[in-house]
Every structure is written in C-alpha cells, then in structure tokens.
Amino acid sequence: MALINIATHEIHCKIVYYGIGYCGKTTNLQYVYKSINPAIRGEMLSIATETERTLFFDFLPLDLGTVHGFRTRFHLYTVPGQILYERTRLAVLNGADGIVFVVDSQAEKFEENVQSIAELEMYMRRLGKDLGHFPFVMQWNKRDLPSALPVHVLDRYLNRRRVPAFEAVASSGIGVFATLRAISKSVIAQL
C-alpha cells in the first residue's frame, strides 16, 4: 500500500516488475534509468550475480511530479526470475502498489510464463490481494525475436483478466514508457 507522508506532502508507491528469468525486467528499469532526467530519479541499485542475472532485486526511485499537492515518488523493483529465489519474489511483492508482468514472447518460454503468472496469482492470494482488483498490466517483451508468439495467443492464455497489455522490445526502449505510464496511472487511480 502506498506510503503517504502528510508532514512532507509525499506519496511513495511501489511498482514491481515480475516475470521469468531473462524476460527483460531489469532491461526495462535500465532503459528508464538512462532515458530520464537525472534530477527526477535516484540511483539504480542492482544486485546481480557473476552472470548478470538479478540476485535479489533492482530498485529505481522516480519523482513523477505532484498529485493533489503531494509529491509523488515511484519506486520500481524487479524480482529475480530464477526458480531458486521464490521467497525473494514474495518478499519483494509485499507492499506492492502495482505490478507489471513482463512476458518473454518466445515460444520456447511460453510454459515458463504460464507457471510464473500462476505463481504470481498464488503469492498475491497469500498477501491477501486479488489481481482482479489490483493495478496490474502486462508487457509482451522481445517482440523483435523470430520465435515470438502472436500477441493474440499470449493474450488468450496469459491475460485472462484482460488488463492493459503492451508490446515491447525493452532493449531498444519500445513499449517501456507506455507500460510505465499505464501502471503509474492505475496506481494513482487507486490512491
């Protein structure tokens, strides 16, 4: 739940990028980090292993202006996608105000994506939240790869709630800000 500090007139919101390993969660945050004015963002904290996979989480604070007289700060997190870090994913999800589910569109990753979204639904239930009534968007990443499944297939099997979904090539920035804008608006609308 968003943290509202009346004394400082600040609202802090937590957005979590969720998905399988190498789906592009960290790439989304890296693109945001390098593309926006340093005056409105903090430093990006990334804890990675020797093979550059996220070990714990990536964190990027953004100052997105004022809403009803309150300065709004978004804190962007990613979860580690590897199966080994299930508990870490649950810990990072705790306190989230919005979720971006990043899908690796490649056909060979389809089953992993299905398992990952089922895991996300289970974790949200454990946290007492219903994804059907929660700020939640989908991102179909890696649309530039030859084995990318058609969007209508991804939408049919992974987007059962028919939440907003965005095609993306995060490595070149395509769809990164459209996704971030959508989840930010959804989170603000829930405040």
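Visitor: Which residues touch the most other members in the largest nonpolar core?

Guide: In this predicted model, the largest nonpolar core has 25 residues, and Ile15, Tyr17 and Leu76 are the ones that touch the most other members. At least two residues of this core come from each of β2, α1, β4 (54-67), β5 (70-78), β6 and α5, and α5 gives the most, with five residues.

Visitor: Which residues does isoleucine 15 touch, leaving out those up to four places away in sequence?

Guide: With those sequence neighbours not counted, isoleucine 15 touches Phe74, His75, Leu76, Tyr77, Gly98, Val100, Ile183, Ser184 and Val187.

Visitor: How is a pair of aromatic rings described?

Guide: Two values describe such a pair, namely the distance of the centres and the angle of the planes. A search of the whole structure finds four aromatic pairs. In one of them, tyrosine 18 with phenylalanine 101, the ring centres are 6.3 Å apart and the planes stand at 25 degrees, so this pair is stacked. Because tyrosine 18 lies in strand β2 (residues 10-18) and phenylalanine 101 in strand β6 (residues 98-104), the pair ties together parts that are 83 residues apart in sequence. Tyrosine 18 and phenylalanine 101 are both buried.

Visitor: Is the pair of tyrosine 31 and phenylalanine 177 stacked or edge-to-face?

Guide: For tyrosine 31 and phenylalanine 177 the centres are 6.1 Å apart and the planes are at 65 degrees, so the pair is edge-to-face, the cut-off for that class being over 60 degrees. This pair links distant parts of the chain, with tyrosine 31 in helix α1 (residues 25-35) and phenylalanine 177 in helix α5 (residues 176-190), 146 residues apart. Tyrosine 31 is partly exposed, at a relative accessible area of 21%, and phenylalanine 177 also counts as partly exposed, at 24%.

Visitor: Is aspartate 104 buried or exposed, and which side chains make polar contacts with its side chain?

Guide: Aspartate 104, which lies in strand β6, is buried, with a relative accessible area of 1%. Its side chain is joined to that of glutamine 106 by a polar contact of 3.1 Å, and a polar contact of 3.2 Å links the side chains of aspartate 104 and lysine 142. If residues up to four places away in sequence are not counted, aspartate 104 touches Ile20, Tyr22, Cys23, Lys109, Asn113, Asn141 and Lys142.

Visitor: What is the value of phi in lysine 142, and where does this residue lie?

Guide: Phi of lysine 142 is near 65 degrees, a positive value in a residue other than glycine, and lysine 142 is placed in the loop between β7 (136-141) and α4 (151-158). Histidine 68 has a positive phi too, near 50 degrees; histidine 68 lies in the loop between β4 and β5 and counts as exposed, at 78% relative accessibility.

Visitor: Is glutamine 82 buried or exposed?

Guide: Glutamine 82 sits in the loop between β5 and α2 (86-93), and with a relative accessible area of 14% this residue is buried. From C-alpha to C-alpha, glutamine 82 and glycine 19 are 9.4 Å apart in space, and in sequence they are 63 residues apart.

Note on methods. Residues are numbered from 1 along each chain as its sequence is written. This is a predicted model: local features need pLDDT of at least 70, side-chain atom pairs count only at pLDDT 80 or more; totals for chains, interfaces and linings use all residues. Side-chain values use heavy atoms; hydrogens and water are left out. Rings of Phe, Tyr and Trp (its six-membered ring) pair if their centres lie within 6.5 Å; planes under 30 degrees apart count as stacked, over 60 as edge-to-face and the rest as tilted. Helices (H or I, at least four residues) and strands (E, at least two) are DSSP runs, numbered from the N terminus. Buried means under 20% relative accessible area, exposed over 50%, partly exposed in between (1.4 Å probe, protein chains only). A polar contact is a pair of N or O atoms within 3.5 Å; within protein, one must be able to donate a hydrogen and the other to accept it, and residues adjacent in sequence count only if both atoms are side-chain atoms. Contact means heavy atoms within 4.5 Å. A nonpolar core is a set of buried Ala, Val, Leu, Ile, Met, Phe, Trp, Tyr and Cys residues joined through side-chain atoms within 4.5 Å.
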